[in-house]
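Here is a brief report on one protein chain. It takes up confidence, fold, disulfides and a few backbone details in turn.

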Amino acid sequence: YFFTHCLLIYQCSLISNPKGSIWDEPIRFNSKAKDSCAMVISGQTNFTKLRVSCKSKGKSYWCDFLGKPNLCGAYNKNPRHYFTQIMWDMRKLQNACQGPQVYKPQMCRSASDEVQMAFHASWPKISFPKLTQASQNQQKQQQQVKSSITPTKPPGQKQQPKPQQPAKPASKPVKPAVSKPVTPRKPVKTITARPTVAEESQATKIAEEYCWKSLQGVCAYFINWFQN
């Protein structure tokens, strides 16, 4: 009778929580500091809760994460693998609770940010840098600004090749004009025409008539000069 009663209770729990059988066994791992840890998943209203509990040499600590992984199609097909991927990241840490504030496994990388598991609480209390979410939003804004600054070419237009200009023939080097030396002209000699014989005879005759004999030669010269 007792065995039958327990079996009925177990079947009722499966009907009320069809996925409860998946989380019956925690996901266990060891951190980098050899802390023994366990991951327990449970449903909490519209969120899924992940609690990570660790023990090592008389000390213990835990941390909670909340998210909506059920919005990811890959999660619904294999929910345990979703948290196994988170476990692979946590086991690389000295303290499993002192890692990233947000976990988004690779299997749901393309889904919305609602599917990620975000840090909720811990003991002892862990102090994370403030404005982590604001810094993430700032990075997104910077990416949007970069994409808006980068010019995009319209899909229908093709860049037309520029017409090639004919190559100009290489111009021959211009030789400098060599100026020829100018030869100075020789001065033209002026030739004074000598008086003709007739003019001389006429001047002599006049000199013989009007001048003394000793001065006839000089008179003939001046008479001839005045006549010219």
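## Overall picture

Of the 228 residues of the protein, 23% count as buried. The model is predicted. Its accessible surface comes to about 19,100 Å². Carbon and sulfur atoms hold 57% of that surface.

The protein contains six helices and six strands. Along the sequence they follow the pattern α-β-β-β-β-α-α-β-β-α-α-α. Take the contacts between residues at least 6 apart in sequence: 51% of them join residues at least 24 apart.

## Confidence

The average pLDDT of the protein is 74. A score of at least 70 is reached by 58% of the residues. Where is confidence lowest, and where is it highest? The lowest mean, 40, belongs to helix 1 (residues 2–16). The highest, 97, belongs to strand 5 (residues 102–103). Across residues 1–21 the pLDDT is below 50. Beyond near neighbours in sequence, that stretch has three contacts in the model.

## Disulfides

A disulfide is a covalent bond between the sulfur atoms of two cysteines. How many disulfides does the count come to? Counting sulfur pairs within 2.5 Å, the total is three disulfides.

| Disulfide | S to S distance | Torsion about S-S | Hand |
|---|---|---|---|
| Cys-37 and Cys-54 | 2.1 Å | 115° | right-handed |
| Cys-63 and Cys-97 | 2.1 Å | about -80° | left-handed |
| Cys-72 and Cys-108 | 2.0 Å | -95° | left-handed |

Start with Cys-37 and Cys-54, whose sulfur atoms are 2.1 Å apart. Cys-37 and Cys-54 are buried.

Next comes the disulfide of Cys-63 and Cys-97. Why is it called left-handed? The torsion about its S-S bond is about -80°, so the hand of the Cys-63 and Cys-97 disulfide is left. This pair links distant parts of the chain, 34 residues apart. Cys-63 is in strand 4 (residues 59–67), while Cys-97 is in the loop between helix 3 and strand 5. Cys-63 and Cys-97 are both buried.

The remaining entry joins Cys-72 to Cys-108. It, too, links distant parts of the chain, here 36 residues apart. Cys-72 lies in the loop between strand 4 and helix 2 (73–77). Cys-108 lies in the loop between strand 5 and strand 6 (117–123). Both cysteines, Cys-72 and Cys-108, are buried.

## Helix 3

Which residues of helix 3 are buried? They are Pro-79, Tyr-82, Phe-83, Thr-84, Gln-85, Ile-86, Met-87 and Met-90. As background, an α-helix has 3.6 residues a turn, so residues three or four places apart point the same way.

## Backbone details

Two lysines deserve a look. Lys-34 is not a glycine, yet its phi is positive, at about 65°. Lys-34 belongs to the loop between strand 1 (27–30) and strand 2. Is Lys-34 buried or exposed? Its relative accessible area is 70%, so Lys-34 counts as exposed.

Lys-57 also has a positive phi, near 50°, in a residue other than glycine. Its place is the loop between strand 3 and strand 4. Lys-57 has a relative accessible area of 88%, so it is exposed.

Ser-56 is in strand 3. Its relative accessibility is 12%, so Ser-56 counts as buried. Leaving aside residues up to four places away in sequence, Ser-56 touches Lys-34 and Asp-35.

The peptide bond from Trp-123 to Pro-124 is cis, with omega near -10°. Pro-124 lies in the loop between strand 6 and helix 4 (132–149).

Key
Residues numbered from 1 in each chain as written. Predicted model: local features only at pLDDT ≥ 70, side-chain atom pairs only at ≥ 80, totals over all residues. Heavy atoms only, no water. Buried < 20%, exposed > 50% of the residue type's maximum accessible area, 1.4 Å probe, protein only. Helix = DSSP H or I, 4+ residues; strand = E, 2+ residues; numbered from the N terminus. pLDDT = per-residue confidence, 0-100. Contact = heavy atoms within 4.5 Å. Areas by Shrake-Rupley, 256 points an atom, 1.4 Å probe, with all protein chains shown as cover.
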